[in-house]
Amino acid sequence: MTRRTYLVVDAAVLLLALVSVALAHTDLHGFNAAAALAIAATKAALIAIFFMELKLAGPVPRVVAAASVFWLAILVVGTMDDVLTRAWLPIPGK
Amino acid sequence: MTTLNADIAERETAELGMWVFLATEVMLFGGLFTAYTVYRAIYPVGFAEGSRLLDLTLGTVNTVVLIVSSGTMALAVSAARLGQRRLVRVVLVATALLGLVFLAIKALEYQHHLAEGLVPGLAWHYSAARANEVQLFMLAYFAMTGLHAIHLTIAVGLVLFATWFRTRLEILALYWHFVDVIWIFLLPLLYLFGLQA
C-alpha cells in the first residue's frame, strides 16, 4: 500500500476519534453508546484492513481475525443474555 | 525462485502466528470487557458517575498520540520494504517516543487519581452515595488501562529493539496496531460513556 493510503487512513481514524469525542458532548437520546461503539468499530476495521494489511492477507489470517471477533461476541452475548434476563422469572430462592 | 517462495512462506507463517496470538489477546481483554459490561448493566448510574471522574482531555490527547503512532509504524513498514534503512530507523524512534508520551500521560492521570483518592485498595477517599459502584468502575478502569499500558510498554521495548536489530517489522506492526485498537475501544467505554448518561 502506498504512503498516501496510510496518510488518508490515519487522518480518517483521527477524524473519527474527534467526531466521537464531539458526539459524546451531544445528547443523542439514548443512542450515544451505540454511536460511540459504531465509530470505534469503524476505526478498528480501518486499522485492521489497511494498517494490519488484512486487505492484502490470504484467507487464513482473515478467518483468524474474524474468528476472534466472533468468539468475543459469544463471550459477551452469552454472558449478557444471562445477566439481563435473570430477573424475568420469579424463581424462589434465586 | 525456490528461495523466494520459501521466504514468502516463512513470512506468511510468522504473520499467521501473530494473528493467532492476537486472537488470544482479544480473549484476554475480552474477559475484562465482559466484566465491565456486566457491572455497567447492573450499576449504570454509578458507572456513569465514575466515568465523569476521568480526565477526558488527557484521554483524547492520548487517543490522538496512539493513532499518530500507528501512522508512523505503517510508514516504518513501507520504508523497510523500499529498503530505506535510515527512514525506518527515524520513524521507529518516533513511534517509540509517541508510545512513551502516551505512557507518561497515563502515569500523570494515575497520579491525579491517587491524589484525588480514586484508587481502590490503595487510596480510596470517594464518599458519595454511590461510592461502592464508583469503586467497581475504577477497578474496571485500572484493570483495563493497566493491562493496556503493560502491552504498550512491551510494544515500545520491541520497537526500540527493532531500531537497532533487524526483525520482521510486519509482525511487530501487527502487535502495535492491535494495542492501538484496544485503546480505541477503551476511549468510548471508559471516558465518553458518562457524559450523556
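This note sets out, in numbered points, the main features of a predicted model with chains A and B.

1. **Overall make-up of chain B.** Chain B has six helices and two strands. The C-alpha atoms of chain B fill a box of roughly 70 × 30 × 30 Å along the principal axes. Of its 197 residues, 39% count as buried. Among contacts in chain B between residues at least 6 apart in sequence, 76% join residues at least 24 apart.

2. **Helices α3 and α4 of chain B.** Helix α3(B) covers residues 56-81, and its axis comes within 8 Å of the axis of α4(B). The two axes cross at roughly 165°. An angle over 145 degrees counts as roughly antiparallel, and α3(B) and α4(B) are therefore roughly antiparallel to each other. Their crossing is left-handed. By class, the contact of α3(B) with α4(B) has 20 nonpolar, five polar and two charged residues.

3. **Helices α4 and α5 of chain B.** Helix α5(B) spans residues 131-164 and packs against α4(B) at an angle of about 155°, with the axes 9 Å apart. The pair α4(B) and α5(B) is therefore roughly antiparallel, and the crossing of α4(B) and α5(B) is left-handed. On the side of α4(B), the contact includes B:Arg89, B:Leu92, B:Val93, B:Leu103 and B:Lys106. On the side of α5(B), B:Thr145, B:Ala149, B:Leu152 and B:Val156 are among the residues that take part. The residues of this contact of α4(B) with α5(B) divide into 13 nonpolar, five polar and two charged.

4. **A closer look at B:Lys106.** This residue is found in helix α4 of chain B, which runs over residues 85-115. Is B:Lys106 buried, partly exposed or exposed? There are 19 other C-beta atoms within 10 Å of B:Lys106, so the residue is partly exposed; a residue counts as buried if the number is 20 or more. Leaving aside residues up to four places away in sequence, B:Lys106 touches B:Asn62, B:Thr145 and B:Ala149. Of these contacts, B:Thr145 and B:Ala149 belong to α5(B). B:Asn62 lies 44 residues from B:Lys106 along the chain, and the C-alpha atoms of the two are separated by 7.9 Å.

5. **The contact between the chains.** How many residues does each chain give to the contact? Chain B gives 35 residues and chain A gives 36 residues. On the side of chain B that touches chain A, α1 (2-42), α3 and α6 (169-192) each supply at least two residues. The largest share, 15 residues, comes from α1(B). By class, this side of chain B has 22 nonpolar, ten polar and three charged residues.

6. **One helix pair across the two chains.** Helices α2(A) and α6(B) pack at an angle of about 175°, with their axes 10 Å apart. That angle makes α2(A) roughly antiparallel to α6(B). In α2(A), the residues that meet α6(B) include A:Ala36, A:Leu37, A:Ala40, A:Lys43 and A:Phe51. Their counterparts in α6(B) include B:His177, B:Asp180, B:Val181, B:Phe185 and B:Leu192. By class, the contact of α2(A) with α6(B) has eleven nonpolar, one polar and two charged residues.

7. **Domains of chain A.** Chain A is divided into domain 1, residues 1-56, and domain 2, residues 58-94. The centres of these two domains, taken over C-alpha atoms, are separated by 24 Å.

8. **Two loop residues of chain A with positive phi.** A:His29 has a positive phi of about 55° although it is not a glycine. The residue A:His29 is placed in the loop between α1 (3-24) and α2 (32-51) of chain A. A:His29 is exposed, because 7 other C-beta atoms lie within 10 Å and a count of 12 or fewer qualifies as exposed. A:Glu53 likewise is not a glycine and has a positive phi, of about 60°. A:Glu53 is found in the loop between α2 and α3 (59-85) of chain A. With 18 other C-beta atoms within 10 Å, A:Glu53 is partly exposed.

Conventions. Residues are numbered from 1 along each chain as its sequence is written. Chains are lettered from A and ligands numbered from 1 in the order in which they are written. This is a predicted model: local features need pLDDT of at least 70, side-chain atom pairs count only at pLDDT 80 or more; totals for chains, interfaces and linings use all residues. Helices (H or I, at least four residues) and strands (E, at least two) are DSSP runs, numbered from the N terminus. Two residues are in contact if their C-beta atoms, placed from the backbone, lie within 7 Å. Domain bounds come from an automatic or database domain assignment. Axes are lines fitted to C-alpha atoms, for helices over the stretch in contact, and angles run from 0 to 180 degrees between N-to-C directions. Angles under 35 degrees count as roughly parallel, over 145 as roughly antiparallel, 65 to 115 as roughly perpendicular and the rest as oblique. A crossing is left-handed if the near helix is turned anticlockwise from the far one by less than a right angle, and right-handed if clockwise. Ala, Val, Leu, Ile, Met, Phe, Trp, Tyr, Cys and Pro count as nonpolar, Asp, Glu, Lys and Arg as charged, and the others, Gly among them, as polar.
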